[in-house]
Amino acid sequence: MRVLVTTVKVPFVYGGAEIHAGNLVTELRRAGHEAELVEIPFRWYPPEQMLDHLLACRLLDLTEANGVAVDRVIGLKFPAYHVRHPHKVLWILHQHRTLYDLWDTRDADLAYYPEGADIRHSLVGIERQLLHEARHLYANSENVAQRLTRFSGHTAEPLYHPPEHAEAFFHKPAEQYLFYPSRLCGLKRQRLVIEALAETKAPVVVKFAGKPDHPDYLRELQELARNKGVDQRIEWLGRISDEAKRDHYARCLGVVFPPLDEDYGYITLEAMLSSKPVITCQDSGGPLEFVLDGQTGLVAEPTASSLAQSMDQLWNTPEKAQEMGAAARDRYADLRITWKHVIDRLLHAS
Amino acid sequence: MRLNWFSPLPPARTDIANYTARLLPPLAAHAEVKLWAPQEQWTELQRPSISIGNVLQKRLPWTEINFREFSIFQIGNDARFHGPLLDVYERHGGIVVLHDTNLHEMQRMRLVEGRQRPEAYLALLSRSGGAKAVAVGRRVLSGEISVDEAAAAYPLTDSVLQGAHGVVVHNPTQLKAVATRTSAPCLYLPLPYLPPEALPEPVQSKRQAGDPLRLILFGFLHGTNRRLESILQAWAQFPQRDRLRLTLFGEYDQAHVSRTLEESGLRQYAELHGYCSESEMDALLSKADLALNLRFPSRGEASGSLLRIWSHALPCFVSRSGYYAELDDALVTKIDPGSELIDLHHHWSRFLTAPEPYLRQGSAGLHHLKNHHTPAAYVERLMAFLPEAGRYRAQAYLERWLPHMTQKFMSPIPHWAAQARWRERIAAEVASWAP
């Protein structure tokens, strides 16, 4: 089949969504299809730009290329997943979150504009309508599927996929630190981890890996750690290579990953592949689909004190941590998270 | 439910401020209300649950405004109060309550005198009526014709309809007219007054045969539409003129009126007051026999003044025009604008000799007020309307965005025909987004 994968691209930004889109194309090719990635530049501010970009996507004709039909379009992100095509399926990484679950929070950048609420209403209404065009709706996770139902009234099938280089993760005996690899930004809540660290009774150590979305944010976190008196128990690794990341996963006692309403969360899966337990929070979204509280990790309340209690528990019972890590690896195997399954579902949707 | 309510507040010299004050108790029972006023000071409210902000501040807290489900804007014809509200409305969108449908004078004051941007005023006219309307606007700017004359031809109601989530009018005759000019849901609501239990005790005229007839005229009396000059002229020419007394209060050129009365020898029969508080207004109305509430040309307004007049069971003369023409004849006496002087003389004479039919109208007016103009009923119907307006909101923004967007992207395309084709294609695409 000739397949186009449509997504948006913020120039000079490269993260999980870009990796995911690239992997999908690679796996489609590996399965014997002709596949191309169509990346449409996207800017969401000022907010009327979102409508301009949506219109631009709608005016594109992807039904054929060079006189040969395009058999399938797989849409991943707003507004690129709204391109017209008679055989389009959507595999939604997430909707534009400030229109939906992040509205009414301080992260809703849209709400800082006078016309923000009006534009939100328009786009929510439009999206509800345009989603009918897809032959089938898939979501990156159960969490994303639930949001789609809640906000847009559509049902999507969750379709899990493996993290990049899933086969390369490995396991080593645990050392005395918790690992948190992620972009440094508000939604990932590194701040909450630092506050929790200040409330632990055990001398818990946390290694953060990842680049800040904004340099000021790292400075703020470091200042918070100093003010809380825990800067000596934190290591800031910055951006690290994939190999170093896998090594840290392999050697850590466990992974702490308490984001706010994460869509999917490779970190959980990578920890499971490394046979490590994950500490997450009740409002963390995607990770909750994989972490079984007390069996493959710990689920805390989203407060510093509750998170501290879970960190202490893992720190003080390394044998139990090891046991939960092994259970996590088994659970990953049970879930049959493979690209073959993903591609079968995407291309053979009715 | 959380809502933003944009309105002048007491002590602003507009009855729309009093209207909002009257609605607050039932509003607060239905919703968490944030008031936004075009002023820096206001009379303290007795309701601590309602917070107030002013729209004149340099940086409005948009998140606070945006996170409330509905925004309701009170739009009247005085740019001093409604200009700043309209500035917010144009950027934010919302439900508009049209206290007047003729917004020409307000827009002229706002754009020409306020912003010193006559070209913006002419642009509004261009959108309303093309080159012909612009020519009329230029004549207004040069003083060749009056604003009233231009307003009659180009009321500029459309200037607030584009992008409205919903439109509320207080004048049933305007409902159809407005509904034909917007796809937004429209609603007629009778203007609210005080709840029946809060009405002042009406004192019907204790006037004896032979006593002079005490007329009263009040409100914002600048311009020609309140007919002040015509009334003074009719009085001067009335054969039994020394049997009339006149009380005036509100906003008008007091020196000019005083001079006119001096010239016609009537000054000693007139009592002139400036702006009055609500209690002062009620005190003056309780001493009157007959209210004059003429409006011509109609600006599409309903009249808060009429409700106040009825609250005193006071007979009232109105113009046979606009909203007033539709009122039941049992409630008011209608004066034909084409024979205003003759009609006024006729009814004054009759009132002097046989007041009973007029007094019955006053009583019927009070009864009507108690049954049709309660704040509680107003708020209930408004709340029932909000979901419909909320559903239209998704489309309302597209109405604002589409012309702006096509202008932005089409202007580089040189050939008008190509532009037209693109416009059609884009319009068709956007139309397909609607549910």
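Modeller: Start with a cut-off: a residue is buried if 20 or more other C-beta atoms lie within 10 Å of its own, and exposed if 12 or fewer do. Keep in mind that this is a predicted model.

Colleague: Why is Glu115(A) called buried?

Modeller: Glu115(A) has 22 C-beta neighbours inside 10 Å. The cut-off is 20 or more. Therefore Glu115(A) counts as buried.

Colleague: Where does Glu115(A) lie, and what is it in contact with?

Modeller: Glu115(A) sits in the loop between S6 and helix H3 (116–130) of chain A. Leaving aside neighbours within four places in sequence, its contacts are Pro47(A), Arg91(B), His92(B), Gly93(B) and Tyr397(B).

Colleague: What makes the peptide bond from Tyr45(A) to Pro46(A) cis?

Modeller: Look at omega. For the bond from Tyr45(A) to Pro46(A), omega is near -15°, and the bond is cis. Pro46(A) belongs to the loop between strand S2 (34–41) and H2 of chain A. Chain B has a cis bond too, from Pro10(B) to Pro11(B), with omega near 10°. Pro11(B) is in the loop between strand S1 (2–6) and helix H1 (15–30) of chain B.

Colleague: Why point these bonds out?

Modeller: Because most peptide bonds are trans.

Colleague: Why is Asp104(A) called exposed?

Modeller: Asp104(A) has 12 C-beta neighbours inside 10 Å. Exposed means 12 or fewer. So Asp104(A) counts as exposed. Asp104(A) is in the loop between S6 and H3 of chain A. Its phi is near 75°, a positive value in a residue other than glycine.

Colleague: What makes His165(A) partly exposed?

Modeller: His165(A) has 14 other C-beta atoms within 10 Å.

Colleague: How do you know that chain A touches chain B?

Modeller: Contact needs C-beta atoms within 7 Å. By that test, 23 residues of chain A are in contact with 18 residues of chain B. H3(A) gives the most to the chain A side, with eleven residues. Helix H2 (48–59) of chain A also gives two or more. By class, this side has twelve nonpolar, five polar and six charged residues.

Colleague: How do you know that the two domains of chain A touch?

Modeller: Domain 1 is 2–160 + 338–347, and domain 2 is 166–334. Their contact takes eleven residues from domain 1 and ten from domain 2. H4(A) gives the most to the domain 1 side, with three residues. That side has two nonpolar, six polar and three charged residues. The domain centres, taken over C-alpha atoms, are 29 Å apart.

Colleague: Which residues have the most contacts inside the largest nonpolar core?

Modeller: They are Ile92(A), Tyr138(A), Phe73(B), Val96(B) and Val167(B), in a core of 107 residues. Helix H16 (residues 375–410) of chain B gives the most to this core, with nine residues. Apart from it lies another core of 49 residues, including Tyr180(A) and Val205(A).

How values were computed. Residues numbered from 1 in each chain as written. Chains lettered and ligands numbered in written order. Predicted model: local features only at pLDDT ≥ 70, side-chain atom pairs only at ≥ 80, totals over all residues. Domains from an automatic or database assignment. Helix = DSSP H or I, 4+ residues; strand = E, 2+ residues; numbered from the N terminus. Nonpolar A, V, L, I, M, F, W, Y, C, P; charged D, E, K, R; others polar. Core = buried A, V, L, I, M, F, W, Y, C linked by C-beta atoms within 7 Å.
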